[in-house]
Amino acid sequence: MRPRGEQPIDLEAFLAACRREVEVPADEATIRRVAAASGEVRYRTFTASSAELVAAGVVTAWDTDADRSRFIPTDAPRAEPRRAIALAELLASPALLAAKVAELEASRADRPARPTPRVITLHCARCDGRWLLDGNHGLLTICRAGAPVDVEVAEMTSPAWRPSIRACTCPSVESDESDG
């Protein structure tokens, strides 16, 4: 992916972007704690096309069961195996896509449309994994429409996520230590 118009921002500007959103699934204290623990954290804004985000393997905020037959609610007990799903995989799965679209349309019927598409991502600079912290519904809607659209991205990036973000494919801390 080739971010265009990349601008560095600070933690406060990133948090301000989070506050503008409707449902960022992490509170300010959590973001500050993760930033402090991760080290080497940078924040930036840039523009990318929706097609580039999909091609980059961006992972949605939603989990499915191991067989990809249904979504698992966020508040469901963690006993059942969960799998994060990339946006490209969701778009290629008609049954899952229809279920998610119906759920989103029902839950967001009273929300105003945004004038400019935007997302908030967490990015692992080592493996280039990217997780959609917020903006999942908007990006899914754009991608379903078919024509690529420029999207504003606010991103928190680090080569040292500990614990790993959902889209990170880097070895775990235990693997790093055993490699010695």
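**Figure 1. Glu52 and its partner Arg4.** Glu52 sits at 16% relative accessibility, so it counts as buried. This is a predicted model. Glu52 pairs with Arg4 in a salt bridge, and their closest N and O atoms are 3.3 Å apart. Arg4 belongs to strand β1 (residues 4–9) and Glu52 to helix α3 (residues 50–55), so the bridge ties together parts that lie 48 residues apart in sequence. Arg4 itself is partly exposed, with a relative accessible area of 35%.

**Figure 2. Arg68 meets Glu89.** The side chains of these two form a salt bridge with an N to O distance of 2.7 Å. Arg68 comes from the loop between β3 (59–64) and β4, while Glu89 comes from helix α4 (residues 87–91), and the pair links these distant parts of the chain across 21 residues.

Figure 3. Searching the whole structure turns up 12 salt bridges. As a reminder, side chains of opposite charge can pair when their charged atoms come close.

**Figure 4. Inside the largest nonpolar core.** This core has 22 residues, and the members that touch the most others are Leu53, Leu87, Leu90, Leu139, Leu140 and Val151. Two or more residues come from each of β2 (42–49), α3, α4, α5 (94–107), α6 (136–145) and β8 (150–158). Zoom in on Leu53: leaving out residues up to four places away in sequence, Leu53 touches Met1, Ala48, Val58, Arg130, Leu139, Val151 and Val153. Apart from this core lies another one, made of 21 residues that include Leu11, Ala17, Cys124 and Ala167.

**Figure 5. Helix α6 and its buried face.** Which residues of α6 are buried? They are Asn136, Leu139, Leu140, Ile142 and Cys143. Looking down the axis of α6, these buried residues fall within an arc of 160 degrees, so they line one face of the helix. After α6 comes Gly146, with a positive phi near 105 degrees.

**Figure 6. Met156 and its surroundings.** Met156 is placed in strand β8. At 2% relative accessibility, Met156 counts as buried. Setting aside neighbours within four places in sequence, Met156 is in contact with Phe14, Ile31, Val34, Ala35, Val41, Arg42, Tyr43, Thr121, Leu122, His123 and Trp161. Asp10 is 146 residues away from Met156 in sequence, yet the two C-alpha atoms are 9.5 Å apart in space.

**Figure 7. Pro73 in its loop.** Pro73 is found in the loop between β4 (71–72) and β5 (83–86). With 47% relative accessibility, Pro73 counts as partly exposed. Pro73 and Arg144 are 71 residues apart in sequence, and their C-alpha atoms are 22 Å apart in space.

**Figure 8. Stepping back to the whole protein.** After the close-ups, here is the setting they share. The protein has 7 helices and 8 strands. Its C-alpha trace spans about 45 × 40 × 30 Å along the principal axes. A compact globule of 180 residues would have a radius of gyration near 16 Å, and the protein agrees with that at 16 Å. Of the 180 residues, 39% count as buried. Among contacts with a separation of 6 or more, 73% are between residues 24 or more positions apart. The accessible surface comes to about 9600 Å², and 54% of this area belongs to carbon and sulfur atoms.

Conventions
Residues are numbered from 1 along each chain as its sequence is written. This is a predicted model: local features need pLDDT of at least 70, side-chain atom pairs count only at pLDDT 80 or more; totals for chains, interfaces and linings use all residues. Side-chain values use heavy atoms; hydrogens and water are left out. Helices (H or I, at least four residues) and strands (E, at least two) are DSSP runs, numbered from the N terminus. Buried means under 20% relative accessible area, exposed over 50%, partly exposed in between (1.4 Å probe, protein chains only). A salt bridge is a side-chain nitrogen of Lys or Arg within 4 Å of a carboxyl oxygen of Asp or Glu. A nonpolar core is a set of buried Ala, Val, Leu, Ile, Met, Phe, Trp, Tyr and Cys residues joined through side-chain atoms within 4.5 Å. Contact means heavy atoms within 4.5 Å. The radius of gyration is taken over C-alpha atoms; the globule rule is 2.2 Å times the number of residues to the power 0.38. Accessible areas come from the Shrake-Rupley method with a 1.4 Å probe; for residues, only the protein chains shown count as cover. The arc is that of the directions from the helix axis to the C-beta atoms.
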